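Here is a report on one protein chain. It goes from the basis of the model to its details.

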Amino acid sequence: MASNSQKLRDLITAVRQCKTAAEERILINKESAIIRESLRGGKSHSRTRNMLKLLYISMLGYPTEFGQVEVVSLLGQADYEGKRVGYLTLQMVLSENDEVLMLAENHIKKDLASHQPLLQSMALNVVANIASESMARDMLDDVVSLMGSTNPYITKKACLAAIRIVKKVPDYAEVFLQESLNIFQERDQAVLQCMLTLVNECLQQPQVDEYLTKYRLTVRSAVNLLKQLVLSSRVTLQDIGGIANPFLQIKLLQFMRIIGKGSAVISEALNDVLAQVLTNTDGSRKPGCAVQYECVRTIYKIESDSGLRALGISTVGRFLISNDNNLRFVALKTLLDCAAIDGDAVREHLDIILDCLKDPDVSIRRRALELVVALINEHNVRLLVPDLLTYLTVCAEEMRAAVTQHLCRIVEIKSPTTEWRVEFSLRLLRLGRQHVSQEFATRFIALLSNEKTEIQTVAINSLWEEASYPFDALHHSRKAFLLAAVWCIGEYADLLSSNGISMEKVANCVVDIVNHTEFNTIKCYGLTALAKIASKHASTKPLVTSVFGAYASSLDCELQQRACEYMTLLDSFPEEAAFCFGPMPPITRITDGGKGGVQLLQLAERSKATPKPNATVGLDDLFGVGGTSGDAPAPSGNSTQRLPAPSIDDLFGGAPSAPSGALQASDLFGTGPASQVRVMGSSATPAVASLAVVPVFECADFSVGLSAVVQGTIAVSLTIESRLSMPMEDISIQVAVPKSSSLEIGCLPTTVIPARGRIVQQMVVDNSKGNKDSRLVMLKVKFVYSVNGEPRSQLMHISQEA
């Protein structure tokens, strides 16, 4: 078969003549078999030809692992041609993780130690391209010695190999920095460029502060060299487009950026030369633009003066009027980086930046959008947000999601007034379609619930005007809008009625949305909205009841439960329904500021004599229908009492609120079956006052600490200490645990905390029924109180490991 071997040129011609992929695979498999047989014969004269063909086959994407070991044999040959092919194959076919590379290390070290420049250069190329960490450690001494070679060609190759070594072993950066201290004494600009590249890489490694100080002493030499290049009138081989050695200028600017960062003295020494680079460099061609770009980056990294920064922004701003998309993209990226430091100077080019939003290139449009968003502040938000909304209506579909997300964030964070935020939130809900998130709609609802009646009237009329149209594809794509519209129509139906809109028409609109939308969340909101309308306007009750009857047999458990409970309330308990579906109080957003890290509780073992609590009783249904009779006595002493546990998952808050001072418990962890909760007397909980109290929550008004006793169940004492100089009144504590746990809550000793006073809430948590750690205390606590008649509340998430 070896006699049928063909030359590389013939193989390339044969592959090109193949008309199908299958024909090409047959040819490659046949040639691979011939090469394998030839390599098995061990003939050195054909090894070079076979490796060239294997290299070509590898470039086509076919496996060549069977011949990779022969690379080591080629490196061991005495002739230059064999070594050249071996080193070429080593770099093209192998990677730093291949074991064959380890076998070739000895040959590489021999060639590095030889005095033949061609062999040394090939070995250095291998180190620079595919050296692994272990290989970099082995080659360090050889590379350092070759950096001092009198042959510029070898010195440049050694610098490139040193860069690879530093990237693989950053600890060796100090070695090369020490070797390059006299860098500016080098007269060969090509060698100097390679050495600057190495020094720049080393100075960015950690723990080189000592050498950074030493290299700052060379700032005068760097400045003089850069001035010579900028002001030079000689034409050399390194010039490109009329710019004297732009690659060396860029390396010098990068070096200045590194040594000038964080040093006011060095920055002052660099200001003049940087200004000369910007003013004397021809920016009409790409080499000049590249130098100016690096110069502007250096200006904004060092501590330069404001005039120089303004000159840099003006220089980059000229890139925006170029016809070259690459220059415009680079300019937008640079202005985006500078906007955080010198936003006012960047805003001078705002008109050109807005024009970039119309560019056919989507990458430029995206970058321009990010820059416009970064430039919006309280002074120009009223001008730019309407422009962005207009752009949202005309931009390509691929840009709509990004524009909508940016607008949502701007409207929520940078709105000048509440009225402005409500107005543009409504416009965004209409125009953003499916790209507006559901969270944005819920935050808008919370905002609207805290506003005056005038603002609520304007908002509900705007939502009604859009939502009252027959359900179509446009409605289908606007989930967030429908969510907000259905909630507001249900909550503020009276405002629509006062404007002359009949409640039958309002109810029909909600029914149309509920029946046609495919989102269950909107259906749930819609059913609650219908219940609220029917509880206030009896004329809509037949229509609403028929809708509830249809959904009473829904396959979705949540929809079925809501329909059945709402229908029962409206038919059998009209007075309770009117109370349950009354106006919502203002919604308070809960932040995550109260969440802290997990701390270990100091727990004491509970004595055997402590009486175990009675069996827990499950919560009643959502509204407490059929539960405890209304004349049940209040809990006192050791007596227990079941309390109805209304769900707080309902956004409409349909369940009645408990009176001040009452203890409430609800399933805050989900919408499924509630955890078991009961109220107990204070003596049912063992005293744990002697234990150390672990702080679990702090805010401006009060702090909360936790202590516990564990034996089977966990007896918890929650200590709430006021930080106010005035009393906290109308105290109410609501506690929830996961569904797999049960909770017994002690009675509050008082509903008033005096100034700088404290109260202790006792409770028992039983985790024995769940699969979780029985010593893990997981609570959600809502603390409701008032100060000087102002209602306040805080939600605390407590998760402590015993």
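## Basis and confidence

This is a predicted model, in which local features need pLDDT of at least 70, side-chain atom pairs count only at pLDDT 80 or more, and totals for chains, interfaces and linings use all residues. Residues are numbered from 1 along each chain as its sequence is written, and side-chain values use heavy atoms, with hydrogens and water left out.

pLDDT is the predictor's confidence in each residue, from 0 to 100. Its mean over the chain is 81. A value of 70 or more is reached by 85% of the residues. Confidence is highest in α10, at 94, and lowest in strand β1 (residues 603–605), at a mean of 43. Across residues 592–675 the pLDDT is below 50. That stretch still has 183 contacts in the model beyond near neighbours in sequence; a contact means heavy atoms within 4.5 Å. Residues 681–690 also stay under 50. For them the model has 22 contacts beyond four places in sequence. Where pLDDT is low, the predicted coordinates should not be read in detail.

## Overall makeup

The chain has 802 residues, and buried ones make up 50% of them. Buried means under 20% relative accessible area, exposed means over 50%, and partly exposed lies in between, with a 1.4 Å probe and protein chains only. There are 35 helices and 10 strands. These are DSSP runs numbered from the N terminus: helices are H or I with at least four residues, strands are E with at least two. Take the contacts between residues at least 6 apart in sequence: 67% of them join residues at least 24 apart.

## Helix α8

Which residues of α8 are buried? They are Leu 119, Gln 120, Ser 121, Met 122, Ala 123, Leu 124, Val 126, Val 127 and Ile 130. Their cover includes α5 (80–93), α6 (99–103), α7 (105–113), α9 (133–147) and α10 (152–168).

## Thr 540

Thr 540 sits in the loop between α32 (520–536) and α33 (541–551). Its relative accessibility is 2%, so Thr 540 counts as buried. Leaving out residues up to four places away in sequence, Thr 540 touches Met 503, Glu 504, Ala 507, Ile 533 and Ala 534.

## Aromatic rings and charges

The whole structure holds 10 aromatic pairs. Rings of Phe, Tyr and Trp (its six-membered ring) pair if their centres lie within 6.5 Å; planes under 30 degrees apart count as stacked, over 60 as edge-to-face and the rest as tilted. Trp 420 and Phe 424 form a tilted pair, 4.4 Å centre to centre with 35° between the planes. Both lie in helix α25 (residues 418–432), 4 residues apart, about one turn of the helix. Trp 420 is buried at 5% relative accessible area. Phe 424 is also buried, at 5%.

Trp 487 and Tyr 492 have ring centres 5.9 Å apart and planes at 70°, so this pair is edge-to-face. Trp 487 is buried at 0%, and Tyr 492 is buried at 9%. Phe 697, Phe 702, Phe 783 and Tyr 785 form one aromatic cluster. Charges also sit over rings, meaning that NZ of Lys or CZ of Arg is within 6 Å of the ring centre and within 35 degrees of the ring normal. Arg 36 lies over the face of Phe 66, 4.3 Å from the ring centre. The charged end of Arg 478 sits over the ring of Phe 481, 4.6 Å from its centre.

## Cysteines

How many disulfides does a search of the whole structure find? The count is 0. A disulfide is a pair of cysteine sulfur atoms within 2.5 Å. The cysteine sulfur closest to that of Cys 202 is in Cys 159, 9.8 Å away, which is too far for a bond. Cys 202 is buried at 0% relative accessible area. Cys 488 is buried, at 0%.

Cys 699 is in the loop between β3 (694–698) and β4 (702–711). Cys 699 is buried, at 14%. Neighbours within four places aside, Cys 699 is in contact with Arg 723 and Gln 794. The C-alpha atoms of Cys 699 and Arg 723 are separated by 8.9 Å, and the two residues are 24 apart along the chain.
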